[in-house]
Amino acid sequence: MPTDGIQEELITLLNTEKQYAPPSPDSLSPITLFSSSSSASDDTDVIAMTSSSLEEEDDEKDDVDDIMRRNVCQWAYEFVDYCLLDREVVVYCMHYYDRYISSLSAPPSDALSRILALSCLYVAVKIHGTSSSSTNAADSPSISLSKRLTLQHFCKMSRGEYCPQMIEEMELSLLTTLNWRLNPPSPTDFLTRFVKILSLLLKDDIICGQQVGKVWSVFEVARYQIELSVYSPHKFSASTIALAAILNSMDSKIVQSKTSIVSSSISRSFLQHVKSLGGGFEQLDVDGVEIIVARTTLKKLCSKTIVLPGHIIEDQESSKDIEFVPIAEQVESYEYELPQVQSVSPVSVTTDQVY
C-alpha cells in the first residue's frame with residue numbers, strides 16, 4: 001500500500017508535537033492586568049455574542065478551575081459558531097489556555113482566567129481563523145468574517161471590562177510564555193492522515209460507494225469526539241486523542257443494524273499499518289493505559305449515540321447486494337454508538353489523566 005507521503009507527514013507531525021511540551025512556571029512573564037494607565041473601554045455596545053457562560057457556577061462535585069475551563073471552552077465554541085469560523089479555532093485556543101495555565105505556580109484568579117480566555121481566542125482567530133473547507137477561499141464567509149474581526153470587537157465582547165491595552169498586555173504575556181510556539185499539530189491533523197490510510201485499506205471494496213460511506217462516517221464520528229475532547233483538562237497528546245477517536249469510530253456500531261462501521265479485519269490492518277510507519281508509531285500500544293483511558297474519556301464526553309446524515313453502510317461481507325445511494329439522495333439519519341472500552345486495571349493508576 002503506497003503510504004510514503006502519509007508516513008512522512010505523520011512522522012513530521014509526531015516530531016513537531018514533542019516540541020510543544022507545557023512551559024515551566026519559571027518561564028512566566030509578569031503582567032500587570034490592571035495598570036494605572038489602563039482604563040475600561042467607554043464603548044459597551046457588544047456584538048451579538050454573550051459571555052454569560054464565563055460566569056461562576058456552583059458545583060460541589062467538580063473543581064472550580066475545571067468548571068471555569070469548561071465554561072471558557074463552551075463560550076469559545078459559541079463564539080466561533082456565531083461567527084461561522086472553523087471549530088478548529090477552539091482547539092488552538094484551549095491549547096494556548098492550558099499551556100499558559102500550566103506555567104503558573106498557583107491557580108489563576110477569575111479575572112486572569114477571563115482575560116486569558118479572551119486573549120487566547122483572539123490569537124487563535126488571528127492565526128487559525130481563516131481556515132476553511134471551502135474550495136473557493138474568496139467566497140468563504142468564515143475567511144471574510146475573520147478578517148473583519150478586530151481587537152475592538154473582542155473588547156466589546158467583554159462588555160467594556162477590558163480595553164485594548166489590557167488585552168494586548170495579556171497577549172504579549174501569552175506569546176512570551178509560550179515562546180511564540182503557536183502552531184502545534186492538532187488532533188485533526190493526525191486524524192486526516194489516519195483516515196487516508198483507512199481509505200487506502202478500503203480501496204478494494206467491491207462497491208466503491210460503500211468505501212466512501214465508511215470513510216466519511218469514521219471521520220465524522222472521530223471529529224465529533226475530537227471537538228468534545230477539548231472540554232476535558234486531559235494530559236493526552238494530539239496524536240493520542242486522534243488515535244483514540246478513530247479507534248472508537250471504527251469499532252462503533254450502527255444502531256439500526258448493530259454492525260460496525262468497518263470490519264474487525266480492517267481495524268487490525270489499520271493498526272498494523274500505523275505501527276509500520278516507524279518514527280515512534282512502532283511503539284504504539286493500543287491496549288496500554290494511555291490509549292484505553294483516552295478512549296474511555298472520549299466516550300464519556302460523548303452522548304449515548306452520535307447522529308449523522310444518512311449513508312448506506314454495511315459490513316464488507318454483506319455489502320455485495322446493497323446498492324449505494326449517493327449522499328445527496330439520502331434523507332434519513334444514522335445513529336452510531338461508541339464501543340465499550342475495557343476498564344483500566346486498578347494497578348495501573350495514573351494521577352495526571354482524566355477517567
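What share of the 355 residues in the protein is buried? Buried residues make up 49% of them. The structure is a predicted model, and the protein in it has twelve helices and four strands.

**Overall build**

- The accessible surface of the protein comes to about 17300 Å², and carbon and sulfur atoms account for 50% of that surface.
- Of the contacts between residues at least 6 apart in sequence, 79% join residues at least 24 apart.

- The largest nonpolar core holds 97 residues.
- Phe79, Leu121, Phe154, Phe194 and Phe270 have the most contacts inside this core.
- Helix H4 supplies the largest share of the core, namely eleven residues.
- Helix H4 covers residues 110-128, and serine 113 is found in it.
- Serine 113 has a relative accessible area of 3%, so this residue is buried.
- With neighbours within four places in sequence left aside, serine 113 is in contact with Met68, Tyr97 and Pro108.

- Helix H11 spans residues 264-275, which makes twelve residues.
- From its first C-alpha to its last, helix H11 reaches 17 Å, close to the 16 Å expected at 1.5 Å a residue.
- The buried residues of H11 are Ile266, Ser267, Phe270, Leu271 and Val274.
- Why can these buried residues of H11 be said to line one face of the helix? Seen down the axis of H11, they fall within an arc of 140°, and therefore they line one face.
- Serine 267, which lies in helix H11, counts as buried because its relative accessibility is 9%.
- Apart from neighbours within four places in sequence, serine 267 is in contact with Met250, Asp251 and Val262.

- How many disulfides does the count give? The count comes to zero.
- The cysteine sulfur closest to that of cysteine 155 belongs to cysteine 163 and is 6.6 Å away, which is too far for a bond.
- Cysteine 163 is likewise in no disulfide, and its nearest cysteine sulfur is that of cysteine 155.
- The cut-off for a disulfide explains this result, because the two sulfur atoms would have to be within 2.5 Å.
- Cysteine 155 is buried, with a relative accessible area of 1%.
- Cysteine 163 is also buried, with a relative accessible area of 7%.

- Arginine 181 is found in the loop between helix H7 (164-177) and H8.
- Is arginine 181 buried or partly exposed? At 35% relative accessibility, arginine 181 counts as partly exposed.
- Arginine 181 and tyrosine 96 are 85 residues apart in sequence, yet their C-alpha atoms are 9.3 Å apart in space.
- With neighbours within four places in sequence left aside, arginine 181 is in contact with Gln19, Tyr20 and Arg99.

Key:
Residues are numbered from 1 along each chain as its sequence is written. This is a predicted model: local features need pLDDT of at least 70, side-chain atom pairs count only at pLDDT 80 or more; totals for chains, interfaces and linings use all residues. Side-chain values use heavy atoms; hydrogens and water are left out. Helices (H or I, at least four residues) and strands (E, at least two) are DSSP runs, numbered from the N terminus. Buried means under 20% relative accessible area, exposed over 50%, partly exposed in between (1.4 Å probe, protein chains only). Contact means heavy atoms within 4.5 Å. A nonpolar core is a set of buried Ala, Val, Leu, Ile, Met, Phe, Trp, Tyr and Cys residues joined through side-chain atoms within 4.5 Å. The expected span of a helix is 1.5 Å times one less than its number of residues. The arc is that of the directions from the helix axis to the C-beta atoms. Accessible areas come from the Shrake-Rupley method with a 1.4 Å probe; for residues, only the protein chains shown count as cover.
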